[in-house]
Amino acid sequence: MKFDIAIVGAGVLGSFAAYHALKSGKKVLLIDASTKSHGATVRNFGQIVPSGMNLNLWRNLGRRSLELYGELTSLMPDALKQQGSLYVASCAEETSILEEMHEINCETDYTSKLLTPTQCRKRIAPLAQGYCHGGLLYPQEMSSESTLMMKYFWKHLDDEANLHFKKATPVIAVEEVHSGIGVRCSTGEIHLSERALICCGHQLSHLFPHLLQTKKMQLSKLQMLRTQPFEKIKVPGNLLTALTIRRYEAFKSCPNYKNLPKPQIDPDYKKLGIHLLFRQSADGSLIIGDSHEYFSALDSGTLDYEIRQEINTLIMAEAKRILNLPHYNIARAWNGYYSQENNRGIFLKSAAEHIHLVTGIGGKGMTTGPALMERVVKNIFEENPLEECLIDEY
Ligand SMILES: Cc1cc2nc3c(=O)[nH]c(=O)nc-3n(C[C@H](O)[C@H](O)[C@H](O)COP(=O)(O)OP(=O)(O)OC[C@H]3O[C@@H](n4cnc5c(N)ncnc54)[C@H](O)[C@@H]3O)c2cc1C
């Protein structure tokens, strides 16, 4: 059988590419090296936060992605929830930035609401009184229980008659052959397709390494923690805090962003890319993170796998300043990895006329991936150059 499109990699990018191609009636081959989603897509916070994205392209893609997730919520009500995102300021200057951001949101028709410290604590009771100086709530934003979401999503895709889903099947080559594109698997099978799309996450050394392992790309390693469950504590939606206001692109558009004073904390927080995010899972446990260590994509062998206790100690110290919890017993710790394109924030390239690569989306794949892949798939089938598919909005 010859497919209309073969998609290699079934993280959030590859899976949504399959979703959009199927919606337009195409015959799709989706292949992943693993038996279940195991990349960045399930190691993340699951915060779907257009509010943090830069105000042009990426916030628009985030807003469209909220609509696309909305199409799926009835299939997975316990994995996708619309409970909003709350940014909490820890000083007067950060509160002013939230006010400026709120004004920008009003001008750009994106709903947000300024909250007083009392209103913030009404929403999240354990917020420390000395920490919280005010908040900005985005009520329409969503959270995903990512492992569960991908389980449902893979099942949903698997049930589609026009999809052939090969799991536990690493792809070792994608090449032009006389009758189309050949997708060669480690099992020895070769599948034939009109075109191919590779969404390989941070695995840059397997397919087209000469295009992917370049100076423009870097790899990021993040450390994450999960507490033991809390029975009585409720932290609805996404909770984002002071260091995030200083880190996320959206806030750089606020007139007084550049006048923010340096935070009065250990410089290692900045060096290790630590900012504090929280999301509560259905079992009551809190995911707390994260940190960012960067590695060159030129040599993926430099990427390390260790969990560094000194990073977890810094994360925990800041978390304790923010939330007064009955305990900080950690049940799980893990690393996540993603690739990131440094200039445009996404790697989009056609390796040949009908072989396309999309990766390097960095820390915004859950927020913007569904809408990005809608555009990518449309461009591929309209035979427009992939590199140009977002060009007007950069
Ligand atoms: C700790 C952490 C926290 C994050 N938090 C958030 C967040 O809250 N909000 C947000 O928007 N984003 C977040 N992100 C970013 C987001 O998770 C990523 O941008 C996104 O998941 C990337 O998706 P992907 O499909 O490119 O990669 P992946 O999810 O890594 O998927 C790639 C897939 O390709 C497969 N593959 C690779 N090579 C081959 C091959 N040769 N053959 C077959 N299969 C192959 C792999 O098996 C894998 O399943 C976070 C990331 C991390 C690591």
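1. Helix axes here are lines fitted to C-alpha atoms, over the stretch in contact, and angles run from 0 to 180 degrees between N-to-C directions. Helices (H or I, at least four residues) and strands (E, at least two) are DSSP runs, numbered from the N terminus.

2. This is a predicted model, in which local features need pLDDT of at least 70 and side-chain atom pairs count only at pLDDT 80 or more, while totals for chains, interfaces and linings use all residues. Residues are numbered from 1 along each chain as its sequence is written, and side-chain values use heavy atoms, with hydrogens and water left out.

3. The axes of H1 and helix H6 (residues 146-158) come within 11 Å and cross at roughly 35 degrees. The crossing is left-handed (the near helix is turned anticlockwise from the far one by less than a right angle; clockwise would be right-handed). Contact (heavy atoms within 4.5 Å) involves Val-12, Ser-15, Phe-16, Ala-18, Tyr-19 and Leu-22 of H1, and Met-150, Phe-153, Trp-154, His-156 and Leu-157 of H6. These residues divide into nine nonpolar, two polar and no charged. Ala, Val, Leu, Ile, Met, Phe, Trp, Tyr, Cys and Pro count as nonpolar, Asp, Glu, Lys and Arg as charged, and the others, Gly among them, as polar.

4. Helix H1 (residues 12-23) also packs with helix H11 (residues 365-381), at an angle of about 45 degrees and with the axes 8 Å apart. H1 and H11 are therefore oblique to each other (angles under 35 degrees count as roughly parallel, over 145 as roughly antiparallel, 65 to 115 as roughly perpendicular and the rest as oblique). This crossing is right-handed. On the H1 side the contact includes Phe-16 and His-20, and on the H11 side Met-373 and Glu-374. The contact of H1 with H11 has 10 nonpolar residues, three polar and one charged.

5. Around the ligand are 37 residues, of which Asp-32, Thr-41, Gln-47, Gly-362 and Thr-367 come nearest (a residue counts if one of its heavy atoms lies within 4 Å). A polar backbone atom of Gly-362 is 2.7 Å from an oxygen atom of the ligand. Nitrogen atoms of the ligand lie 2.9 Å from a polar backbone atom of Val-171 and 3.0 Å from a backbone N or O atom of Gly-363.

6. Two backbone details deserve a check. Most residues other than glycine have a negative phi, and most peptide bonds are trans. Ala-168 has a positive phi, near 50 degrees, and lies in the loop between strands S10 (163-166) and S11 (171-177). Gly-289 and Asp-290 are joined by a cis peptide bond, with omega about -5 degrees; Asp-290 is in the loop between strands S18 (286-289) and S19 (293-296).

Key. Polar contact = N/O pair within 3.5 Å; in protein donor to acceptor, adjacent residues only side chain to side chain.
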